[in-house]
Amino acid sequence: MPTNDHTLDEILNLAATHFKVPREKLTPDDDFFKTLGIDSLQALDLLTRLEHHFRIELPDYELQGVSDFRTLAQRIQSRL
Amino acid sequence: MSEFKGQALSWQIVNGAIELTLRREPCNEIGLATLEELEKFVAALPELAAGGHALVIHSTSKAGFSAGADLRELYHRSQQVEKAEAARGVRDFLERIHTVMNTIDALPMTTIAAVHGVTFGGGFELALTCDIIIADRTARFCFPELRLGLIPGFGGIPRLKRDVGNAVVRDLLLTGRSFNVMKAQQIGLVSQIAAEGEVLRVARATASQMAKFDRTTVLAAKRFIKPIPYDELKQEIEIFCNLFTQPAVKEGLRKFVENEGPQPYLP
């Protein structure tokens, strides 16, 4: 199973690529809504891409109140 | 009217298939303007059916197929009138949209929903009227109505029950969670998955297959395979209208409409 750090790194890479943000500008504790400049519909798009990438199913209610990459990685890690 | 371009919808015949395009930004929210154009579409169907062997419904919105009912319009309209009048307005809207949905459901040709991105609430319900759902990898489905103190009102529950097992219906309805295309295919809702941006091409290829079949046979098969749950659909309107008068609904709508944060579509 990948480590939490590895999962976090993959999330940051995927987010940077998809939303066309320089990877070096993203850090684990960033508020991804602000850093990526996305709304809730785009956040659902990110969730869909993460589910495909990690081959998991993550109910969106688990993301309630989650806005930083580190916590997002923990939620994903718990489904791997 | 073999071609139409309105504010919310357009339609035309492409290679013998009727293509209904949802084109109201930001994400094809279904309010009165969309309903009126859907009614025009349904009225035009006898003429369109003469030249079309299949129907493909798709969206040009980048965000997705449809985010469902126009909650902002519903909230503001219900704020402007007395409670009883608001309830009458909701019932009238539901009866009209059910007529549209039931007509599409029963069309004497094969119908395909080509969906991508957000396919929520009323948008999901529109897709469920179709015989086949084809989705691209970005598609995400959800019945979020319980978050607002409501149930789906455009025929979603009876049609979902028709297509999948009751345990799945309970899971999706009672959690209000959204789910991706892999899950949708796994539970039997989605028949084909297309690469991102390819769903209309795949739907058109599928529609062209329909042209090979005898229309009378297609209709006979469809009536046998896909019964329309009219009694439950009527029951759904009653339940929705009863719930609509509850204070929780007004509060749920207010929260959604006044939410200026980035998460109104997240539970």
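## The β2-β3 hairpin of chain B

Asn15(B) adopts a positive phi near 50° in the hairpin of β2(B) and β3(B), where 2 residues lie between the strands. Strands here are DSSP runs of E with at least two residues, and helices are runs of H or I with at least four residues, both numbered from the N terminus. The model is predicted, with local features requiring pLDDT of at least 70 and side-chain atom pairs counting only at pLDDT 80 or more, while totals for chains, interfaces and linings use all residues. Residues are numbered from 1 along each chain as its sequence is written, chains are lettered from A and ligands numbered from 1 in the order in which they are written, and side-chain values use heavy atoms, with hydrogens and water left out.

β2(B) and β3 (residues 17-22) of chain B run antiparallel and are joined by 6 bridges; two strands count as paired if DSSP finds at least two bridges between them. Within this pairing, Ile13(B) has Ile18(B) in β3(B) as its bridge partner.

## The β1-β2 hairpin

A hairpin of 3 residues connects β1(B) to β2(B), and Lys5(B) is the bridge partner of Ser10(B) in β2(B).

## The four-stranded sheet

Chain B also contains an open sheet of 4 strands in the order β5-β7-β9-β10, with mixed pairing. Because β5 (64-66) and β10 (178-180) of chain B stand at the edges, each with a single partner strand, one side of each is left without a neighbour in the sheet. Neighbouring strands of this sheet are turned by 20° against each other on average, direction ignored. Such angles run from 0 to 180 degrees between N-to-C directions, using axes fitted as lines to C-alpha atoms, for helices over the stretch in contact.

β7 (residues 118-120) and β9 (residues 140-142) of chain B run parallel, joined by 3 bridges; Val118(B) is partnered there by Arg140(B) in β9(B). Helix α4 (residues 121-128) of chain B lies across β5, β7, β9 and β10 of chain B and runs at about 85° to β7(B).

Asp136(B) belongs to strand β8 (residues 132-136) of chain B. The side chain of Asp136(B) makes a polar contact with that of Thr138(B) at 2.5 Å. A polar contact is a pair of N or O atoms within 3.5 Å; within protein, one must be able to donate a hydrogen and the other to accept it, and residues adjacent in sequence count only if both atoms are side-chain atoms. Beyond its neighbours within four places in sequence, Asp136(B) has contacts (heavy atoms within 4.5 Å) with residues including Val115(B), His116(B), Val181(B) and Glu196(B).
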